[in-house]
Amino acid sequence: GKTPSSSEENLAPRDVVVAGRVWALSQDQRGCRLVQHALSAAGSEAERDAVVAELKGHIKEAVRSPHANFVIQKCIELVRPSAVQFVIDEIMEAGPVPCARHKYGCRIVQRLCQHCPPEQVSGLVEALLSDFLSVAPHQYGNY
């Protein structure tokens, strides 16, 4: 199901299996914390990459989610930049300006700019700069 089963309610975060339901868990308050914990506690890069891979195709929704945006930010902070290229690609596809103007989306764009090399985010930054006059005065676009 979408939320952890009642038998999982009392389990410590490290004991909850997130594999196979990362996106579903990312969409509510408790689940998103479990996924973030799984990312932080992952024993290997491969383990972390497997969690991140389950978010592919969901970035457009995640940038507008009060919970999933934290999971995406955690991914960007913890995995190597090449493993989050899909986040940039999906933001570019969905439209970087509306994303940068969104109260949650702007946080994801900010993390990308902080954690990825300039050459990786240059297309995203150029798209935002080209629309700078409409983004800068916006409530969330001025980070």
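**Reading a predicted helical chain**

Tutor: In this predicted model, the protein chain exposes about 7,400 Å², of which carbon and sulfur atoms supply 52%.

Student: What makes up the secondary structure of the protein chain?

Tutor: The protein chain has 10 helices and zero strands, and from the N terminus on its elements run α-α-α-α-α-α-α-α-α-α.

Student: Why is Gln36 called buried?

Tutor: Buried means under 20% relative accessible area, and Gln36 has a relative accessible area of 18%, so Gln36 is buried. Gln36 lies in helix α2, which covers residues 29-41.

Student: Which residues does Gln36 touch, not counting residues up to four places away in sequence?

Tutor: With those neighbours in sequence left out, Gln36 touches Phe70, Val71 and Lys74, where a contact means heavy atoms within 4.5 Å.

Student: How many of the residues in the protein chain are buried, as a percentage?

Tutor: Of the 143 residues in the protein chain, 41% are buried.

Student: Which residues touch the most other members of the largest nonpolar core?

Tutor: They are Val87, Ile91 and Leu112, in a core of 38 residues. Not counting residues up to four places away in sequence, Leu112 touches Ile76, Val87, Ile88, Ile91, Val121 and Leu124. In soluble globular proteins, nonpolar side chains tend to be buried together.

Student: What share of the contacts with a separation of 6 or more comes from residues 24 or more positions apart?

Tutor: In the protein chain, such residues account for 67% of those contacts.

Key
Residues numbered from 1 in each chain as written. Predicted model: local features only at pLDDT ≥ 70, side-chain atom pairs only at ≥ 80, totals over all residues. Heavy atoms only, no water. Helix = DSSP H or I, 4+ residues; strand = E, 2+ residues; numbered from the N terminus. Buried < 20%, exposed > 50% of the residue type's maximum accessible area, 1.4 Å probe, protein only. Areas by Shrake-Rupley, 256 points an atom, 1.4 Å probe, with all protein chains shown as cover. Core = buried A, V, L, I, M, F, W, Y, C linked by side-chain atoms within 4.5 Å.
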